Amino acid sequence: MKKELQLEEMSSWISAERPLVISGPCSAESENQMVGTAKLLAATGRVNVLRAGIWKPRTRPGQYEGAGSEGLKWLMKAKAETGLPVATEVANASHVEQCLKAGVDILWVGARTTVNPFSVQDVADALKGVDIPVLVKNPVNPDLELWIGALERLNRAGITKLAAIHRGFSSFEKSPFRNAPMWDIAIELKTRFPELAIICDPSHIGGQRELIQFIAQKALDLDMAGLMIESHIEPSVALSDAKQQVTPSALAKILEDLVVRTSSTANKEFKNTLTILREQIDGLDDQIMQTMAARMKISEQIGNYKRDNKVTILQVNRWEEIIETRIAQGNAMGLGDDFITNLLKLIHNESILVQQSVMNKVVEKA
Ligand code: PEP
Ligand code: MN
């Protein structure tokens with residue numbers, strides 16, 4: 001399977017200083033709310049694209065499901081009044097057709113749509129031969145392949161102005177976030193497709209406005225290309241996602257307080273120092289790999305020995321002793337408990353696998 005995405009650089013289809021800022025209400029609720037919010041956002045001078053949901057995928061029926069087609073008119077009015085490009089969510093071919101007809105500039109595929117290859121394909125088919133930017137939110141569940149699959153479906157339909165939106169993942173684990181960020185998944189996406197721009201959506205990750213600043217800063221520190229932040233002229237009366245929306249002036253403050261760091265610099269001394277430090281890291285990683293390989297070899301020997309003496313692989317006391325002594329030692333060296341425990345668990349699991357494979361060899365022979 002072809003693993004590459006044919007992409008046009010984001011800077012070729014939207015001009016913005018980093019970070020690109022997409023903002024607007026969760027839902028377009030009325031002409032006044034939409035245009036009023038849009039004007040205030042435009043006046044901040046920091047918003048590049050207006051957003052608003054027209055068709056809202058809601059968890060339970062009876063919740064506000066969006067204004068529908070009428071909302072499109074309000075969105076286009078907001079565009080006319082501010083001169084800003086507009087974006088909305090599409091989940092099926094009819095949404096796509098209505099948006100194209102109305103002149104919407106950018107489309108996005110929502111988290112509840114990305115999970116469903118049928119729906120994504122439906123959207124992709126409706127977009128054949130159309131040259132419009134499409135942003136793909138991560139699926140609700142933490143499945144990177146599904147996220148990539150949706151990007152690929154659109155790409156195969158000819159969409160090359162693609163970007164991803166990281167909006168966090170559903171999780172049973174207790175967390176302060178509405179959707180757990182699981183940053184490692186976004187990082188893995190960036191690693192596999194370095195040319196793909198990733199936009200962070202701190203509103204849907206946080207679920208409450210107080211968390212937006214922190215999440216947005218973290219996204220920028222991970223070198224994400226942009227931010228999608230929900231903003232409403234009067235968040236307390238918003239018909240959807242009231243707790244996570246901010247006023248346009250609060251948005252301006254959030255953006256002002258962000259520290260934008262660059263991923264590289266022309267400063268020669270910085271580059272030299274970085275090269276030296278990276279060489280040190282390379283050397284240490286090399287040692288870590290060699291040490292791990294040596295450790296696994298010994299696990300294999302232990303496996304052989306246990307097998308010959310009919311002893312179980314797992315010996316809880318020994319494992320407890322390892323955890324205890326290594327945490328104490330690691331702590332003394334400035335390493336955190338969680339890090340040491342996670343690392344040891346990984347090593348221990350691998351060691352058990354190695355020992356099991358030794359045991360199985362004999363079972364096969366017998
Ligand atoms: C939204 O952007 O308002 C939305 C519904 O987002 P998500 O698909 O991330 O839940
Ligand atoms: Mn929302």
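Helices are DSSP runs of H or I with at least four residues, and strands are runs of E with at least two, all numbered from the N terminus. With that in hand, I looked up D285 and found its place in helix α12.

A word on what I am reading: this is a predicted model, where local features need pLDDT of at least 70, side-chain atom pairs count only at pLDDT 80 or more, and totals for chains, interfaces and linings use all residues. Residues are numbered from 1 along each chain as its sequence is written, chains are lettered from A and ligands numbered from 1 in the order in which they are written, and side-chain values use heavy atoms, with hydrogens and water left out.

**Entry on S299.** I then checked S299, which lies in helix α12, residues 268–308. Is S299 buried or exposed? I noted that S299 is buried, at a relative accessible area of 4% (buried is under 20%, exposed over 50%, partly exposed in between, with a 1.4 Å probe and protein chains only). Not counting residues up to four places away in sequence, S299 touches S351, V354 and Q355; contact means heavy atoms within 4.5 Å.

**Entry on D285.** Back at D285, I read a relative accessibility of 37%, so I wrote it down as partly exposed.

**Entry on E31.** My next stop was E31, in helix α2, which covers residues 31–44. E31 is partly exposed too, with a relative accessible area of 35%. Which residues does E31 contact, leaving aside its neighbours within four places in sequence? I found G36, W74 and K77. I also looked at L72: E31 and L72 are 41 residues apart in sequence and 9.8 Å apart in space, C-alpha to C-alpha.
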